[in-house]
Amino acid sequence: MNSTKMLTVVSGPTDSDTQSFSVLQATLILRRNLIIALLVYPIVLGGILYLWLPEIAQYSLNKVLSPGTNQKLIDTISQVQNRANILVTVLPYLPILVGMLVGAPLFSRQFENGTYKFDWTQGAGRFRLLRSDLVVILGISGLGAFVIGSVYQHLWRQPLVLATNGVSSSFDSANWLSGQIFLQPALYAAETIFFVVISMVIGTLIKRVLGAIVCALVLLVTVAVAFQPLYAQSRTVNVHTVTTNDPLEINPETQAKLLSHGFSPTKHGDFEVKRGWLNANGTLSPVQTDPFLKLDTNGYAQVDPATGNLLFESGARYKAIVKKIGKPYVIWWRAPSDYPFWVAGWSIAMLLLSALLGGLIKLRIGRKS
Amino acid sequence: MNLLTAQNLKKSYKGKEVLNCNLSLPVGKVIALVGPNGAGKSTLLNIAAGLVAPTSGSLKMFNSFDPGSDEIRSRVAFVAQDVSLHDSLTVAEMIKVSGCLNRSFTADIARQRIADLGIGLKKKVKELSGGQRAQVSLSLALAKNPDALLLDEPTAALDPLASHEFLASVMQTVAETEISVIFSSHSMSDLARVSDFVTLLAHGQLQLNTDIDNVLSSHWLVRSTVSDINAVDDADIIDIDTNAVVGFHLIRSEDESKLRSFEISKPSLEQIVLAYLRNSRSHDLKQVGEVK
Amino acid sequence: MTPTLWYAIYLSMEIDKVSRDVSESPISFILDGNSGQPTYMQIVQQTENALRLGHLQIGDRLPRVKDVVAGLAINPNTVLKAYRELESRGYVAGKQGIGTFVLSTPAGIELKHYVQLQKSLNEGWLSEARSCGLDNESILAIIQNALLAQPINREKVQTRQDRELA
């Protein structure tokens, strides 16, 4: 037998790097592909959004508008809206996708291919690895969602504020960072984190990747359908300001309902409109015009549910309405609540629930009798 | 000091009991854990490695430590049956990950072994052959500088050469250090050449648990009728030769002198183990407890 | 006997290639899985044969345990057991941490004598015994009886050590 191929015991100081104990570093290597995907997709999506809204972005950068340029802006917004509509419609469902594709396979794959037998018998142990996984994966998921939410907020909603305000001397970047605007991306991030954690739990219950993904999809859709209308309506404020002739105003009472409950008119009188310039948060701007709808003594038009619903519909219907009434007018949609405490409250609630679920995962992966 | 002490150790999966034993294993030996499929060998190893908890009873490593503790996880290295490395990582990255997850890890030990075996560090784990994966796993385990090595059917999926090289590697380490090894196996030839202690489990219960020298010196093939043997005290029939009225039965006895009146012969280790396995299959299990 | 003969011939061909380097052992071991003989005894026998044939000389080192084990994939204790047996027979001595070294050799036999004896046995007595119709067991019985009847005269047998010192 060839005995030259034998282990030479290395004695004395060794030259190469001694790998120091670092669970974080291990997580970064083990979850490398996932992390890259989680970093890339928000950059791509955010980039697309940013590219599709160049003109608006330009306006967002601290520029003050003069009244005369509004129409151009309005038209641009309409164009962009049509263009970006698909993407914007998808955004609310991203947390479900991320949860499903990131959270569900995380543990189920380990069970399916047996790598947990390696991971959990190393010196660090399963709980340190779990902690590291949660911090890194949830952190990056949340961050990515925050980035997309911010781009969306910055490039979408804010210009609409501009558009409806006309000249906005009060707009500056501070607004952008102020509570109202800040919180929406936070909500989006919290929701993403929440959905990823739910999926991770599923991954510890259903120890097959495909099954876990499917189950996560079902569960997340259920949760979203049940709760998203509460905290984040799927449709955004989309204000086409019209010519100086036909703006609309919402009765403040109606508006309050809309903002807090995602209200949709169910009967005549639920929805009262008055035409005027509308801001993104539904308040009336000073410019008044003659109404096209019949007004009551308070100056509000009584709109039947059908017409009221029409007012909530997507841009595709805009043309139909224009045709019907013979002239362009304001369509506005239900707005995601800007009410800061509402948004903050939901965000915190979701983060707390996520922490709880994290604890549940820890229980699930513990040594079971 | 005992490597492993199991007291009333029981494990059930879905209501079915797969392990129920009392045993202790000594340090510093190469222990072969044998038994038919479903005997509980993997279960015992998994509990010792800290992967699963027993349903009841206790298992302690090195007399007093819980297998799931930080201390034991760094002193004991486990290589699972299908090796279970991360397929998409390179060998170098697996070494790095192991280094990150273990405090007393000496990466050079792993790198040197792997280089000596001619395995490329840049290769992805999924590109390696079965034998190479097993060697990488073993290298990572040994680089932890463990006091004990637990191997779950390490050679089951390996071709004969890879199997030989794997065992040779383990034996080299045993020659150079005080490491204890527990490996589970179906292979009788592995058992005979490599181990010095045998633990036989069947249906989750202990049949044999002693030094191989002890096994060999306490078992005999005795030609007689069954009743004649039963008349001898301190002699237990392990396996009855059903081919003849006066057949060669496998007997366990501490006292050879009692068997002098019979024609006796020495069974091989393989014959002895097979006898116990046959015995267990007929469900006529004798809880033989520990043969000291 | 056959494996030992193969071994002897193999070694005789290799003997010129092996250099007398003290750090390496001149011999290595093989394992015959079918011989029915315990592994450690095979090592003992192979060592004794090497001693007899002069492949191992006084002061030579026996293979390191870890090297034997690396090649044969056997338990180190088996090798240790063999070396202990050789030590009890007076052929080797172990030095802690350094290795096991040859202390004395049995009465050696030069290869040419060995081959000669083998030939005369095969062509002479053995073929005669076969032609009488004896089987292996009967032959072995005769030889065993003969050996028992003729105890070795220890004084006549010189160890190589004695010859060298003289």
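This is a predicted model: local features need pLDDT of at least 70, side-chain atom pairs count only at pLDDT 80 or more; totals for chains, interfaces and linings use all residues.
User: Why is helix 3 of chain B called largely enclosed?

Analyst: A residue counts as buried if 20 or more other C-beta atoms lie within 10 Å of its own. Nine of the 11 residues of helix 3 of chain B are buried, so the rest of the structure largely encloses this helix. Among the buried ones are Val91(B), Met94(B), Ile95(B) and Leu101(B).

User: What covers the buried residues of helix 3 of chain B?

Analyst: The cover includes helix 4 and helix 5 (130-143) of chain B, together with helix 1 (23-30) of chain A.

User: What makes helix 3 of chain B roughly antiparallel to helix 4 of chain B?

Analyst: The axes of the two helices come within 10 Å and cross at roughly 155°. Angles over 145 degrees count as roughly antiparallel, and therefore helix 3 of chain B is roughly antiparallel to helix 4 of chain B. The crossing is right-handed.

User: Which residues make that contact between helix 3 and helix 4 of chain B?

Analyst: Helix 3 of chain B brings Val91(B), Ile95(B) and Gly99(B), while helix 4 of chain B brings Ala107(B), Ala110(B), Arg111(B) and Ile114(B). Sorted by class, the contact has five nonpolar, one polar and one charged residues. Gly counts as polar and Arg as charged.

User: How many residues does each chain put into the contact between chain A and chain B?

Analyst: Chain B gives 35 residues and chain A gives 30 residues. On the side of chain B that touches chain A, the elements giving two or more residues are helix 2 (70-75), helix 3 (91-101), helix 4 (107-116) and helix 6 (160-176) of chain B. Helix 3 of chain B gives the most, with seven residues. That side of chain B divides into 14 nonpolar, 11 polar and 10 charged residues.

User: Now the sheet: why are strand 5 and strand 9 of chain B called edge strands?

Analyst: The open sheet has six strands in the order 5-6-7-3-8-9 (chain B), with mixed pairing. Strand 5 (76-79) and strand 9 (205-211) of chain B each pair on one side only, and that makes them the edge strands. Neighbouring strands of this sheet are turned by 15° against each other on average, direction ignored.

User: How do you know that strand 6 of chain B pairs with strand 7 of chain B?

Analyst: Pairing needs at least two bridges. Four bridges join strand 6 (residues 148-151) to strand 7 (residues 180-185) of chain B, and the two strands run parallel. Look for Leu149(B), whose bridge partner in strand 7 of chain B is Val181(B).

Methods: Residues are numbered from 1 along each chain as its sequence is written. Chains are lettered from A and ligands numbered from 1 in the order in which they are written. Axes are lines fitted to C-alpha atoms, for helices over the stretch in contact, and angles run from 0 to 180 degrees between N-to-C directions. Two residues are in contact if their C-beta atoms, placed from the backbone, lie within 7 Å. A residue is buried if 20 or more other C-beta atoms lie within 10 Å of its own, exposed if 12 or fewer, and partly exposed in between; C-beta atoms are placed from the backbone. Angles under 35 degrees count as roughly parallel, over 145 as roughly antiparallel, 65 to 115 as roughly perpendicular and the rest as oblique. A crossing is left-handed if the near helix is turned anticlockwise from the far one by less than a right angle, and right-handed if clockwise.
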